[in-house]
Amino acid sequence: GLSATMSNYLITEISKTPNIRVRAGTEVTGGQGQCSLETLTLRERGSGATETVPAAALFVMIGAEPRTGWLDGRVQRDGQGFILTGRDLDRAGGWPLERPPLLLETSMPGVFAAGDVRHRSIKRVASAVGEGATAIQLVHEYLQASPR
C-alpha cells in the first residue's frame, strides 16, 4: 500500500483524483511518444504480464527507500536504513567525539548526509537542495576547525 512510503495528505489527494489509478506491484518498463509522453509500458511483477497504456505524465517518487545497505557498519542508521545525523546521533548514542555533531554530520565525523536519505528529512526536493547547500557550508566549517 501507499501508506508505507507516502505522506497521508498525498494519499488523500490521490484517492480524490478520478484520473489517477494506483497499480500496486506494477513497474514502468518503457515510455513512448512523438514530442511528449503518450504511452507507458507496464509490467505486473507477479505474473510478468505487460500492458501499454495511454499517459500524458509520469511522476517518479524517489527517497522512500534509502538504499543505504552499503553503509552498514560505517555510519549509524535507523531501523529503516535512513542515516542518523546531528542531534539524532546524540539521542541514539552514536556520536564518538567530545564536541557535538554538526547539523548534517553522520556518526563518522566529517561525513555529512543531506536529503531524503537522512532520518527525519522532510522528503521534498527543495529541502534536499537546501540541505545540500548547507552540507557544503558545514564541510567548510569542519575543515576550518580540523587540526592540520
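F112 is buried in this predicted model, with a relative accessible area of 16%; buried means under 20%, exposed over 50%, and partly exposed in between, with a 1.4 Å probe and protein chains only. Its partner in an aromatic pair, Y142, is partly exposed at 23%. The model is predicted, so local features need pLDDT of at least 70 and side-chain atom pairs count only at pLDDT 80 or more, while totals for chains, interfaces and linings use all residues. Residues are numbered from 1 along each chain as its sequence is written, and side-chain values use heavy atoms, with hydrogens and water left out.

The structure holds one aromatic pair. Rings of Phe, Tyr and Trp (its six-membered ring) pair if their centres lie within 6.5 Å; planes under 30 degrees apart count as stacked, over 60 as edge-to-face and the rest as tilted. Because F112 lies in the loop between α2 (87-92) and α3 (125-145) and Y142 in helix α3, the pair ties together parts that are 30 residues apart in sequence. Helices (H or I, at least four residues) and strands (E, at least two) are DSSP runs, numbered from the N terminus.

I turn now to R118, in the loop between α2 and α3. R118 is buried, at 11% relative accessible area. Leaving aside neighbours within four places in sequence, R118 is in contact with residues including F82, L104 and E131, where contact means heavy atoms within 4.5 Å.
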